[in-house]
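Open the model in your viewer and keep the selection tool at hand. This tour goes from one selection to the next and says what is there.

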Amino acid sequence: MTHKISYKLGDLAKLINAKLEGDDQCEIHGLGTLANASQGQLSFLSNSAYIDQLKDSRASAIIVEARFADACPANCLVSDQPYVSYALASRLFDTAALDKSGVHPSACIAEGVKIPETSYVGPNVVIEAGAVIGAHVVIEANSILGEGVRIGDHSRIQAGVMLYHNVKLGQRVIIHSGAVIGADGFGFAFDGTRSIKIHQLGGVTIGDDVEIGAGSTIDRGAIDDTIIEQGVKIDNQVQIGHNCIIGEHTVICGCTAIAGSVTIGKYCIMGGASGAVGHITIADKVQVSAMSLVSKSIDKPGMYSSGTGHMKTTDWKRNIVRFQQLDDIAKRLKKIENSTDKD
Amino acid sequence: MTHKISYKLGDLAKLINAKLEGDDQCEIHGLGTLANASQGQLSFLSNSAYIDQLKDSRASAIIVEARFADACPANCLVSDQPYVSYALASRLFDTAALDKSGVHPSACIAEGVKIPETSYVGPNVVIEAGAVIGAHVVIEANSILGEGVRIGDHSRIQAGVMLYHNVKLGQRVIIHSGAVIGADGFGFAFDGTRSIKIHQLGGVTIGDDVEIGAGSTIDRGAIDDTIIEQGVKIDNQVQIGHNCIIGEHTVICGCTAIAGSVTIGKYCIMGGASGAVGHITIADKVQVSAMSLVSKSIDKPGMYSSGTGHMKTTDWKRNIVRFQQLDDIAKRLKKIENSTDKD
Amino acid sequence: MTHKISYKLGDLAKLINAKLEGDDQCEIHGLGTLANASQGQLSFLSNSAYIDQLKDSRASAIIVEARFADACPANCLVSDQPYVSYALASRLFDTAALDKSGVHPSACIAEGVKIPETSYVGPNVVIEAGAVIGAHVVIEANSILGEGVRIGDHSRIQAGVMLYHNVKLGQRVIIHSGAVIGADGFGFAFDGTRSIKIHQLGGVTIGDDVEIGAGSTIDRGAIDDTIIEQGVKIDNQVQIGHNCIIGEHTVICGCTAIAGSVTIGKYCIMGGASGAVGHITIADKVQVSAMSLVSKSIDKPGMYSSGTGHMKTTDWKRNIVRFQQLDDIAKRLKKIENSTDKD
């Protein structure tokens with residue numbers, strides 16, 4: 001199965017906010033890395049660490065900053081932000097992002113739900129009563145939309161996504177396969193003998209331009225909604241507990257675990273497999289490194305980390321014994337310092 | 001899509017084990033937090049930290065302990081355990097927990113499998129041969145029940161749940177979307193060149209009143225069953241390896257990873273993103289804090305932790321260098337102490 | 001639902017590379033542990049820690065090393081590698097691994113896609129245009145194969161697996177329920193205000209004899225493919241970022257998070273819930289212990305760890321305060337050493 005996509009370089013330059021120095025009739029039919037691109041492909045230099053690969057690249061056109069234009073061996077697309085221009089170009093050649101429309105006959109759509117003519121509903125999709133589907137929406141096979149789900153225009157629901165009742169998505173939202181939005185938050189009242197379920201009556205509200213990765217889970221709120229603000233990007237296998245509020249344009253890398261009722265600010269970056277304990281607040285522009293746990297609120301922007309760094313297991317075994325003596329070590333040191341001071 | 005649910009306060013009080021001080025004819029149609037509740041809603045005060053919100057709440061009724069009854073500005077529901085009463089009330093207003101029945105025509109049910117009249121099987125559900133479905137069971141869209149699966153009465157299988165062959169659930173079990181129960185345990189015999197699969201011939205047995213979160217996975221046993229005892233609550237994206245035994249009423253928070261053949265006692269709490277290495281035993285009433293790894297058996301109740309706590313990354317970078325010198329630091333300190341002792 | 005499987009011991013011995021000392025006509029119909037096996041079952045002793053259980057076992061036959069043959073109370077299957085022989089035996093008794101064939105009428109298969117007569121396509125499976133399905137392939141219910149997916153002979157796709165377009169599997173690959181292969185890698189270009197999606201144009205290539213656990217996610221490459229080499233075994237809920245290369249026969253335990261563009265060598269073992277930051281290289285035969293983070297490249301084989309080990313939370317709280325003073329502690333110690341040296 002092939003979808004041929006091709007652009008004349010002159011047109012492409014305009015679409016990616018770059019200035020062409022070269023042949024505007026050159027046909028570009030795909031993207032390649034500097035090292036591997038072949039004739040007819042577009043490449044890019046966004047990190048000067050790869051400057052040595054520039055001169056030998058066989059790409060037909062290369063996106064570069066102005067300062068590297070002279071060194072460019074091919075048609076040159078000069079951009080202030082080559083990585084952004086590359087991002088814009090990648091969209092042009094993504095056959096999977098093409099519009100589609102129509103409703104597959106095996107889809108099971110509740111009475112009264114309207115599917116706009118510009119939208120697509122794939123095989124075995126189930127859409128329950130009261131759902132509202134925007135224009136130019138793609139809902140791939142086997143996805144499930146519970147009662148009252150709302151999907152904004154130009155959103156894309158990949159195959160096998162599960163949206164519980166009353167989940168609301170903004171426009172241009174992308175959700176990848178296996179993601180579950182709106183499952184019950186984890187709340188129980190312990191009566192001394194057993195845990196009694198607190199039914200989760202809130203919903204999940206997701207803003208415009210949010211992307212959610214494969215297998216990620218975002219729980220519905222206990223009473224009020226869980227909120228993911230516009231522009232947030234969430235990688236695979238991320239867990240976001242009930243009643244969290246994730247601020248605009250924050251990026252959450254894969255396998256991160258955010259407990260319930262956490263408020264994260266805008267433009268934060270949670271590194272891969274990081275975590276946050278419940279009921280804390282993280283300020284705007286905080287970056288948390290991989291596999292670090294945020295164990296209390298952070299009120300200032302900046303970079304934060306936890307963990308020990310890896311080492312040879314033999315060394316580590318000795319060091320963790322000492323870690324468990326660390327308070328004792330510190331006190332003994334203080335004692336020596338005190339006795340030395342007296343000397 | 002709306003389901004109107006409403007209770008007279010007099011009836012509601014009985015259902016949640018509270019004593020009404022106020023108007024038993026008052027109509028309650030939903031729940032709200034103290035701060036956000038509006039006319040006609042029920043609220044609760046379970047944590048005295050929120051006492052200041054009590055007097056300004058616009059809720060029509062509030063669940064409180066007896067000592068706060070006088071301060072309650074609305075109809076008052078006095079309870080010994082307000083949080084438990086709130087949990088009971090949350091069930092009453094959960095439209096998603098309503099009973100449903102019938103078999104969707106698109107469901108694919110093997111010959112010989114009987115669906116009780118009180119149970120529901122949604123669109124595209126697949127139920128294979130030999131499955132046994134209890135009464136008042138709800139199986140939502142696109143879920144899959146392998147050969148010989150057994151589901152106890154009043155259990156609820158949310159959309160897109162995958163139960164492999166011979167998985168057995170007790171009564172009142174809830175399983176959320178994307179959960180996979182009974183996939184093969186991770187077992188291989190290395191022959192010096194390659195890993196040879198050990199086929200997993202055991203099953204998974206899940207007790208009454210267990211809840212399992214979205215995207216969680218519980219592997220089938222190698223030979224004997226993996227066992228989740230009654231009352232266990234498992235959050236989202238938890239992994240439980242083959243042949244684990246999780247004791248009654250234990251709570252496992254999101255993203256926790258339990259390796260194979262781990263036995264966890266009763267009434268334990270595994271914090272979010274915590275872990276346990278394989279083939280260990282954890283006593284009853286052990287609590288493990290978030291992102292802590294249990295690296296050997298724990299034989300006494302209590303709270304356990306690992307990790308370093310988070311700090312500014314600049315400080316952290318200096319400290320982790322020292323962590324790797326920690327055994328050396330401890331020895332040097334000892335040497336000084338010895339020389340000082342001699343003085 | 002029962003599938004009766006039974007072997008005469010003489011035949012079974014040959015199938016598992018063991019030498020029979022005993023009755024070759026004895027019927028074996030299943031496997032059991034030494035402690036729990038009953039009449040008619042086969043057991044094994046692969047770890048001498050269990051030698052005490054040998055003499056009391058009621059198994060009808062036991063796989064042992066030659067040195068334990070005399071102590072074996074039943075028919076004896078002597079093997080150089082009892083654990084490998086047990087693995088081979090486990091396959092014989094796995095009813096779930098039996099061949100099946102045929103296409104369920106509810107499957108939705110694009111025009112032009114051929115399903116070999118020896119292969120099976122279950123209910124509600126969706127196979128899009130250009131897919132190529134090998135012989136003796138099993139695709140269980142509700143799985144989704146995007147455009148151009150290729151599945152090698154004898155592969156088994158469990159229920160509810162999602163393969164995005166252009167994912168390529170080798171032969172004898174097993175993928176468990178809820179796994180998502182080929183979702184978009186997590187790539188964005190930040191333009192100063194918002195994150196612009198980098199469309200992921202590469203694919204995923206998976207070699208022969210790979211197994212991928214339930215709920216695991218392997219992202220498609222940005223431009224080139226993400227590559228999983230032959231013989232790799234991946235447990236549940238593992239995340240592998242775009243453009244990773246995982247070397248032959250490497251084993252990745254549950255809940256491990258591998259960031260993008262990581263190259264892992266051959267015969268490595270990543271422990272449960274371990275992690276690796278992006279753009280690093282890990283040498284062959286590296287073992288990483290549970291919940292350890294590999295934070296920079298490792299160029300030598302061996303065992304590596306991070307973390308602190310668990311302790312009582314009360315002790316831990318004191319020690320993590322000291323951890324945050326560790327650089328200061330080390331400097332103060334050095335100062336004392338210097339002053340002592342001068343004395």
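Select Lys312(A) and Tyr304(C). Lys312(A) stands opposite Tyr304(C), which belongs to S38(C). Now widen the selection to the two strands. S39(A) and strand S38 (residues 302–305) of chain C pair in the antiparallel sense, over two bridges. Strands pair here if DSSP finds at least two bridges between them. Helices (H or I, at least four residues) and strands (E, at least two) are DSSP runs, numbered from the N terminus.

A word on what you are viewing. This is a predicted model, in which local features need pLDDT of at least 70 and side-chain atom pairs count only at pLDDT 80 or more, while totals for chains, interfaces and linings use all residues. Residues are numbered from 1 along each chain as its sequence is written, and chains are lettered from A and ligands numbered from 1 in the order in which they are written.

**Where chain A meets chain C**

Show chains A and C together. Here 63 residues of chain A are in contact with 64 residues of chain C. Contact means that the C-beta atoms of two residues, placed from the backbone, lie within 7 Å. On the side of chain A that touches chain C, at least two residues each come from H3, strand S39 (311–312), helix H4 (313–323) and helix H5 (326–342) of chain A. Colour that side by residue type: 28 are nonpolar, 27 polar and eight charged. Nonpolar covers Ala, Val, Leu, Ile, Met, Phe, Trp, Tyr, Cys and Pro; charged covers Asp, Glu, Lys and Arg; the others, Gly among them, are polar.

**Where chain B meets chain A**

Next, pick Ser305(A). Its bridge partner in S39(B) is Met311(B). Strand S38 (residues 302–305) of chain A runs antiparallel to S39(B), and two bridges join them.

**The axis**

Chain A has five helices and 39 strands. Its radius of gyration is 26 Å, well over the 20 Å that the globule rule gives for 343 residues, so chain A is more spread out than a compact globule. That radius is taken over C-alpha atoms, and the rule is 2.2 Å times the number of residues to the power 0.38. The C-alpha trace of chain A spans about 85 × 60 × 35 Å along its principal axes.

Now select helix H3 (residues 82–92) of chain A. Nine of its eleven residues are buried, so H3 is largely enclosed by the rest of the structure. Among them are Tyr83(A), Tyr86(A) and Leu88(A). A residue is buried if 20 or more other C-beta atoms, placed from the backbone, lie within 10 Å of its own.

**Two asparagines**

Go to Asn142(B), in the loop between strand S13 (138–139) and strand S14 (144–145) of chain B. Asn142(B) is not a glycine, yet its phi is positive, about 65°. Asn142(B) is buried, with 32 other C-beta atoms within 10 Å.

End at Asn124(C), in the loop between strand S10 (120–121) and strand S11 (126–127) of chain C. Phi of Asn124(C) is positive too, near 65°.

Key:
A residue is buried if 20 or more other C-beta atoms lie within 10 Å of its own, exposed if 12 or fewer, and partly exposed in between; C-beta atoms are placed from the backbone.
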